[in-house]
Amino acid sequence: LSHLRMGDLAKNGQKPFAIVLTCSDSRSPVEMIFDQGLGDLFVVRVAGNVVAPSLLASIEFAAANFGSATVLVLGHTLCGAVNATIQHARVPTTPLPSPHLEELVGRIRPAVEWTLRECPLDHPELLKRSTRENVFRSMRLIESQSAIVRDLVAAGKLSVQGAILDIATGQVEFMR
């Protein structure tokens, strides 16, 4: 890290052009994926790129204070949190090891259940399709649960986008 750049950011504040809600998976380093530097992105990381109150508050804080043009929900292939939710859907009577994991799986479950309407549990693309639906669900939740985001979108000052990172290739597929 450049101490000069850090000093400038400390003195002048941050002005990230995008807010990124992404998975905490160590294979998805957002700044490296998009070739961005310090202060360029406001990154909110959580397993499964789910929307929960404190995460939404972080997104709202950035949207209200930094003039960012985009909120990007970035999912990724082979997501362990989405896969855990699929595994739990296969055997729903098996308890998860903690109430925190129950809560996380509960936030992803609606995306998996939606996908299961058209894709059976043994379908080879279930994880891929559930991951996409989970990104779409997070996008919808951000817009529906945040008046700050909704107002900025309505004013044409902010957009909410979705994308999937292929962790095998590093390619990002933008959705919507």
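**Nonpolar cores**

In the largest nonpolar core, which has 37 residues, those touching the most other members are Ile19, Leu21, Ile59, Val71, Ile108 and Ile142. The model described here is predicted. Beyond its neighbours up to four places away in sequence, isoleucine 19 touches Phe42, Ile59, Ala62, Ala63, Ser68, Thr70, Val71 and Leu72.

In soluble globular proteins, nonpolar side chains tend to be buried together.

**Packing of helices H3 and H7**

Helix H3 spans residues 53-66 and helix H7 spans residues 147-154. Their axes lie 9 Å apart and form an angle of about 40°. The two helices are therefore oblique to each other, and H3 passes H7 in a left-handed crossing. On the H3 side, the contact is made by Ile59, Glu60, Ala63 and Ala64; H7 contributes Ala147, Ile148, Val149 and Leu152.

Two residues of H3 in this contact, Ile59 and Ala63, are also touched by isoleucine 19.

**Histidine 88**

Histidine 88 belongs to helix H4, which covers residues 80-90. Its relative accessibility is 10%, so histidine 88 counts as buried, the cut-off being under 20%. Apart from neighbours within four places in sequence, histidine 88 is in contact with Thr94, Leu96, Val105 and Arg109. With arginine 109, the histidine 88 side chain makes a polar contact, side chain to side chain, at 3.2 Å.

Conventions
Residues are numbered from 1 along each chain as its sequence is written. This is a predicted model: local features need pLDDT of at least 70, side-chain atom pairs count only at pLDDT 80 or more; totals for chains, interfaces and linings use all residues. Side-chain values use heavy atoms; hydrogens and water are left out. A nonpolar core is a set of buried Ala, Val, Leu, Ile, Met, Phe, Trp, Tyr and Cys residues joined through side-chain atoms within 4.5 Å. Buried means under 20% relative accessible area, exposed over 50%, partly exposed in between (1.4 Å probe, protein chains only). Contact means heavy atoms within 4.5 Å. Helices (H or I, at least four residues) and strands (E, at least two) are DSSP runs, numbered from the N terminus. A polar contact is a pair of N or O atoms within 3.5 Å; within protein, one must be able to donate a hydrogen and the other to accept it, and residues adjacent in sequence count only if both atoms are side-chain atoms. Axes are lines fitted to C-alpha atoms, for helices over the stretch in contact, and angles run from 0 to 180 degrees between N-to-C directions. Angles under 35 degrees count as roughly parallel, over 145 as roughly antiparallel, 65 to 115 as roughly perpendicular and the rest as oblique. A crossing is left-handed if the near helix is turned anticlockwise from the far one by less than a right angle, and right-handed if clockwise.
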